[in-house]
Protein chains: 2
Amino acid sequence: MSAPIRIGLVGIGKIARDQHIPALAHCDEFTLVAGASRNATLDGITTFNDLDEMLAGNDELQAISLCTPPQVRYGQARRAIEAGRHVFLEKPPGVTLSEVEDLYRRAHQAGVTLYASWHAREAAGVAQAREWLVGRSITRVDIQWREDVRTWHPGQEWIWQPGGLGVFDPGINALSIVTHILPMDFFLTRARLEVPENHQAPIGATLDFTDANDTPIHADLDWRQTGPQTWRITVETRDGTLVLDEGGSKLFIDDELVLDGDDVEYVGLYRHFAELIRAGMCDVDIRPFRHVADAFMMGERVIVDAFHD
Amino acid sequence: MSAPIRIGLVGIGKIARDQHIPALAHCDEFTLVAGASRNATLDGITTFNDLDEMLAGNDELQAISLCTPPQVRYGQARRAIEAGRHVFLEKPPGVTLSEVEDLYRRAHQAGVTLYASWHAREAAGVAQAREWLVGRSITRVDIQWREDVRTWHPGQEWIWQPGGLGVFDPGINALSIVTHILPMDFFLTRARLEVPENHQAPIGATLDFTDANDTPIHADLDWRQTGPQTWRITVETRDGTLVLDEGGSKLFIDDELVLDGDDVEYVGLYRHFAELIRAGMCDVDIRPFRHVADAFMMGERVIVDAFHD
């Protein structure tokens with residue numbers, strides 16, 4: 001076993017505290033040696049004001065994980081790559097497709113690993129769902145991704161701003177699973193975006209996709225669901241129906257629960273990041289993000305009631 | 001010299017009559033043998049009601065040129081590819097990036113040519129502009145693309161509908177030139193879209209891009225310009241300034257007119273299409289379209305006065 005990879009975390013907010021720090025603590029492949037944040041500190045870890053100070057003050061740092069909002073991610077990722085560090089990107093990997101392509105090219109040239117992570121793909125049932133679908137004839141796909149934005153993004157202004165993606169911030173998780181488990185590519189044919197009159201980004205979206213065989217693939221994304229939350233993907237095939245529920249942690253085949261796993265998404269992500277670094281590879285799958293761009297470009301926008309956090 | 005390629009034209013509207021039919025008449029590489037249109041006919045050419053009738057009634061047809069609105073282009077292109085025909089796409093090549101990727105994959109598998117054309121790249125000054133810029137150090141790029149939509153798209157409802165792209169319909173021409181002549185890739189950092197209160201698509205847009213060297217690349221797109229029209233790209237370099245004016249037909253270096261060409265864009269496109277067919281290749285450069293998707297995804301939308309044709 002090689003020595004753990006020395007990693008620094010940039011952006012010590014909700015996602016860092018809820019997911020990244022606990023995952024790194026469970027992951028032998030990494031040692032968290034530094035943090036960077038304008039106002040937060042971490043117990044027992046050297047904390048810098050920003051990425052540049054962290055890079056300057058820490059020659060032995062090998063990798064950087066970016067938990068900052070997507071609007072500032074490109075500049076940080078670029079400086080980390082230029083400084084020869086491996087980079088882990090939270091989802092979505094940026095605010096434009098073109099900047100992600102640019103980072104990918106830079107990482108290749110610099111010989112460092114760039115990992116555009118999709119945490120939902122590491123949910124417990126996803127790998128088995130993907131395996132089960134290989135060779136099966138798919139007749140219909142339905143995605144229901146409904147949650148309460150007040151619970152999951154309290155006071156986070158950036159989600160409503162241009163580049164923040166609105167309800168596609170959770171919705172891209174569903175798209176990252178579906179692009180991963182379905183054996184065929186698919187593309188958008190119709191999109192309807194519901195935009196609150198006081199915001200730039202949609203709070204709800206209805207999407208219709210299709211594929212080479214005209215399979216109907218439908219998605220309802222909503223950020224206004226109070227009470228029980230819904231993160232469910234249903235895939236009907238000629239010999240049975242697969243359901244990934246609770247974000248992918250529960251897998252049902254023909255209504256029978258075949259897998260009910262713990263939430264270990266971020267441990268899985270960091271294990272994969274370590275493998276990529278050891279192998280000298282990048283992993284940048286742009287497809288979930290491209291579907292979102294397509295929805296913004298061709299979607300019909302409908303103005304709905306103002307939304308206040 | 002091989003026999004001319006037998007080609008059929010789908011969608012006999014303004015662009016077909018203004019550009020495609022005259023260009024094909026001047027192009028020895030092709031013979032126009034069929035047209036398809038719901039309501040228009042062509043003198044001396046067999047006209048079918050739609051693409052399917054044209055394909056069924058014409059075994060010797062080798063290539064199809066699609067001059068239909070982008071919203072219906074995918075289905076037509078797919079059926080033509082499945083029928084083993086080479087396909088020429090007007091710009092933009094579709095309504096989503098993912099469907100263009102799908103067509104590209106299908107064309108490859110079917111062994112036919114798919115050409116996603118960008119007519120502005122064939123403007124007289126573009127090739128020389130590209131050549132002049134090789135190896136030069138670029139310090140600033142400015143794009144001014146201002147025209148009167150009432151002149152260029154009279155009564156065309158599809159341009160305002162989802163998937164119609166609004167002012168990006170002409171603006172993508174500028175982007176197709178700039179992606180072609182600049183030696184480096186670039187990406188959007190800020191976008192502002194002006195959307196009439198009675199439409200879905202923007203009538204104006206301000207875009208800021210940058211590149212690996214932080215070069216400022218600015219674009220103003222506007223559909224409300226009456227009087228003289230402006231289609232100008234200025235590229236400042238450390239040793240001189242290049243201006244492509246009038247859509248690329250005039251080339252100036254340091255204010256000196258070095259090239260003033262005729263409008264032969266579509267003849268150039270069809271010559272290139274013929275070369276691709278003879279070589280068994282595809283030409284699908286998605287970058288101009290990807291920049292537009294990026295602008296829709298990350299752009300700030302501002303509602304402006306209603307616009308009536």
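Trainee: Is Glu246(A) buried, exposed or partly exposed?
Mentor: Glu246(A) counts as partly exposed, because its relative accessibility is 45%. Buried means under 20% relative accessible area, exposed over 50%, and partly exposed in between, with a 1.4 Å probe and protein chains only. This is a predicted model, in which local features need pLDDT of at least 70 and side-chain atom pairs count only at pLDDT 80 or more, while totals for chains, interfaces and linings use all residues. Residues are numbered from 1 along each chain as its sequence is written, chains are lettered from A and ligands numbered from 1 in the order in which they are written, and side-chain values use heavy atoms, with hydrogens and water left out.

Trainee: What does the Glu246(A) side chain meet in a salt bridge?
Mentor: Its partner is Lys250(A), at 3.1 Å from N to O. A salt bridge here is a side-chain nitrogen of Lys or Arg within 4 Å of a carboxyl oxygen of Asp or Glu. The two side chains are also joined by a polar contact of 3.1 Å. That term is a pair of N or O atoms within 3.5 Å; within protein, one must be able to donate a hydrogen and the other to accept it, and residues adjacent in sequence count only if both atoms are side-chain atoms.

Trainee: Where does Lys250(A) lie?
Mentor: In strand 13 of chain A, residues 250–253. Strands (E, at least two residues) and helices (H or I, at least four) are DSSP runs, numbered from the N terminus. Lys250(A) counts as buried because its relative accessible area is 18%.

Trainee: What does Lys250(A) touch, leaving out residues up to four places away in sequence?
Mentor: Val243(A), Leu244(A), Asp245(A), Leu257(A), Leu259(A) and Asp260(A). Contact means heavy atoms within 4.5 Å. Asp262(A) is 12 residues from Lys250(A) in sequence, and their C-alpha atoms are 9.1 Å apart.

Trainee: Changing topic. How many residues of each chain are in contact between A and B?
Mentor: 34 residues of chain A are in contact with 34 residues of chain B. The two chains bury about 2900 Å² between them, 56% of it on carbon and sulfur atoms. Buried area is the accessible area (1.4 Å probe) that two parts lose on being put together, summed over both. On the chain A side, Ser98(A), Phe187(A) and Met297(A) lose the most area to chain B, together 23% of what that side buries.

Trainee: How many salt bridges are there between chain A and chain B?
Mentor: The count is 6, and 12 residue pairs are in polar contact, both residues at pLDDT 80 or more. Helix 9 of chain A gives the most to the side that touches chain B, with 9 residues. The residues of that side divide into 15 nonpolar, 6 polar and 13 charged.

Trainee: Which residue of chain B forms a salt bridge with Arg290(A)?
Mentor: Glu101(B), with the closest N and O atoms 3.6 Å apart. Glu101(A) and Arg290(B) also meet in a salt bridge, at 3.6 Å from N to O. That pair crosses between chains, from helix 4 of chain A to helix 9 of chain B. Glu101(A) is partly exposed because its relative accessible area is 26%, whereas Arg290(B) counts as buried at 15%.

Trainee: And why could such side chains pair at all?
Mentor: Side chains of opposite charge can pair when their charged atoms come close.

Trainee: How far apart are the closest N and O atoms of Asp285(B) and Arg287(B)?
Mentor: 3.0 Å, in a salt bridge. Asp285(B) counts as buried at 15% relative accessibility, while Arg287(B) is partly exposed at 23%. Both belong to a network of salt bridges that also includes Arg78(A), Glu82(A) and Asp214(B).

Trainee: Last one, strand 10 of chain B. How many of its residues are buried?
Mentor: 5 of the 6, residues 217–222, so the strand is largely enclosed by the rest of the structure. Strand 10 of chain B pairs with strand 7 of chain B in the parallel sense over 6 bridges, and with strand 9 of chain B in the antiparallel sense over 6 bridges. Two strands pair if DSSP finds at least two bridges between them. Val141(B) has Ile217(B) as its bridge partner, and Asp208(B) stands opposite His218(B).

Notes. Nonpolar A, V, L, I, M, F, W, Y, C, P; charged D, E, K, R; others polar.
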